[in-house]
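This briefing sets out selected features of one structure for computational work. Please keep the sequence and the coordinates at hand while reading the points below.

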Amino acid sequence: MAIALAAAAISFIVGMLLPGNQQGSDKPATAAVQNLNQSLTVNPLAKEVGGDRTSFNLDRTVEELLTVLEPKEKRLTFVPPEQFQGTTVFEGTIKYSQKVIALTVDDGPWPETTEQMLDIFKQNDIKATFFWIGKSLETSPDIARRVVAEGHAIGNHTWHHPYDPMDAATAASEIDRTAKLIYETTGVKTTYFRPPGGVLTNGLAKYAKEQNYSVVMWSVTSADTDPRAQPEAFVENVLKGAKPGAIVLMHDGGGDRSRTIKALPDMIAGLKEEGYRFVTIPELLEMQGKSAA
Ligand SMILES: [Zn+2]
């Protein structure tokens, strides 16, 4: 009886979810599965037979269904609009009526500073774009998962952060190894790439473009890697360079970024005061794709 009921419930969910298993409709589907999962777990009958293999297996089956029907990669794939694939982007060409700006954060995930930054973004309801280094990701996987869970966009920033010219195989390895770890750690697939140091001639950008990545540069730097500058200077740099469609560079990793953390709230407040809305790089390029059409 329990098994028959379970089977009926499962086939009902499958029937309900399969046609709508598209991006955008995944929320109701998730809710449906979670509701069912919950009702099964809190059902007093189910509790009575808590040790029963049937109810345990049913829970497991629902979990598995979630994985099969909603693979993470469907929800967590960052692919540029076609016109930007294999190109280098410095900023968005956005109409002045659309006052948007994209904050980008390089070299993490990093202990402490990344999470401090996430807290500030959350308080301000801002989504940013994080370009990760493979070897940083390797040491801070939990922080990476928090970045993704909070809805930020992700890009690839190589494994070792190299500047010097390299052969094609090395360039491929720098990018592919990082892409693989990003996927294994967070379920994210991304074809956004930021070249370390903004170097476009060492073989990395060439390989990325061949692989249909969008190579994302920046139009405004906070200059937060300048060891002598004060946080106030970072704020000033960004506010001076801000314009609709601008891509702002800052760092959460690769060294002590406490000055960036100190500058960030003022930077955000200043931009908000000027009427800016914050978008991720994928959102910026989507907007641009549309306004050009
Ligand atoms: Zn970097």
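Which residues does N202 touch, not counting residues up to four places away in sequence? N202 touches P162, Y163, D164, P165 and M166 on that basis. The model is a predicted one. Its protein chain contains 13 helices and 11 strands.

- The protein chain has 293 residues, of which 47% count as buried.
- Among contacts with a separation of 6 or more, 78% are accounted for by residues 24 or more positions apart.

**Zinc site**

- The zinc ion has three named protein donors: D107 through OD, H157 through NE2 and H161 through NE2.
- These donors lie 2.0 to 2.1 Å from the zinc ion.
- Along the chain, the donors follow the spacing D-x49-H-x3-H.

- S136 is found in helix α7, which spans residues 134–139.
- With its neighbours within four places in sequence left aside, S136 is in contact with D107, G108, P109 and W110; D107 is also a donor of the zinc ion.
- The relative accessible area of S136 is 6%, and S136 therefore counts as buried, the cut-off being under 20%.

**N202 and M166**

- N202 lies in the loop between β7 (192–193) and α10 (204–210), whereas M166 has its place in the loop between β5 (153–156) and α9 (168–186).
- The C-alpha atoms of M166 and N202 are 6.0 Å apart in space, while the two residues are 36 residues apart in sequence.
- N202 is buried, with a relative accessible area of 3%.
- M166 has a relative accessible area of 17%; this value falls under 20%, so M166 is classed as buried.
- A polar atom of the N202 side chain lies 3.2 Å from the backbone nitrogen of L204.
- Residues up to four places away in sequence not being counted, M166 touches A171, E174, N202 and L204.

**Packing of α6 and α12**

- Helix α6 comprises residues 113–123 and helix α12 comprises residues 258–273; the two pack at an angle of about 10 degrees, with their axes 10 Å apart.
- Because angles under 35 degrees count as roughly parallel, α6 is described as roughly parallel to α12.
- On the α6 side, the contact is made by T113, Q116, M117, I120 and F121.
- On the α12 side, the contributing residues are S258, T260, I261, L264, P265 and I268.
- The residues of this contact divide into 7 nonpolar and 4 polar, with no charged residue.

**I247 in strand β10**

- I247 lies in strand β10, which covers residues 246–251.
- The relative accessible area of I247 is 0%, and I247 is buried.
- I247 and V279 are 32 residues apart in sequence, and their C-alpha atoms are 9.7 Å apart in space.

Methods
Residues are numbered from 1 along each chain as its sequence is written. This is a predicted model: local features need pLDDT of at least 70, side-chain atom pairs count only at pLDDT 80 or more; totals for chains, interfaces and linings use all residues. Side-chain values use heavy atoms; hydrogens and water are left out. Donors are N, O and S atoms within 2.8 Å of the metal (3.2 Å for Na, K and Ca); water is not among the atoms, so sites may look incomplete. Helices (H or I, at least four residues) and strands (E, at least two) are DSSP runs, numbered from the N terminus. Buried means under 20% relative accessible area, exposed over 50%, partly exposed in between (1.4 Å probe, protein chains only). A polar contact is a pair of N or O atoms within 3.5 Å; within protein, one must be able to donate a hydrogen and the other to accept it, and residues adjacent in sequence count only if both atoms are side-chain atoms. Contact means heavy atoms within 4.5 Å. Axes are lines fitted to C-alpha atoms, for helices over the stretch in contact, and angles run from 0 to 180 degrees between N-to-C directions. Angles under 35 degrees count as roughly parallel, over 145 as roughly antiparallel, 65 to 115 as roughly perpendicular and the rest as oblique. Ala, Val, Leu, Ile, Met, Phe, Trp, Tyr, Cys and Pro count as nonpolar, Asp, Glu, Lys and Arg as charged, and the others, Gly among them, as polar.
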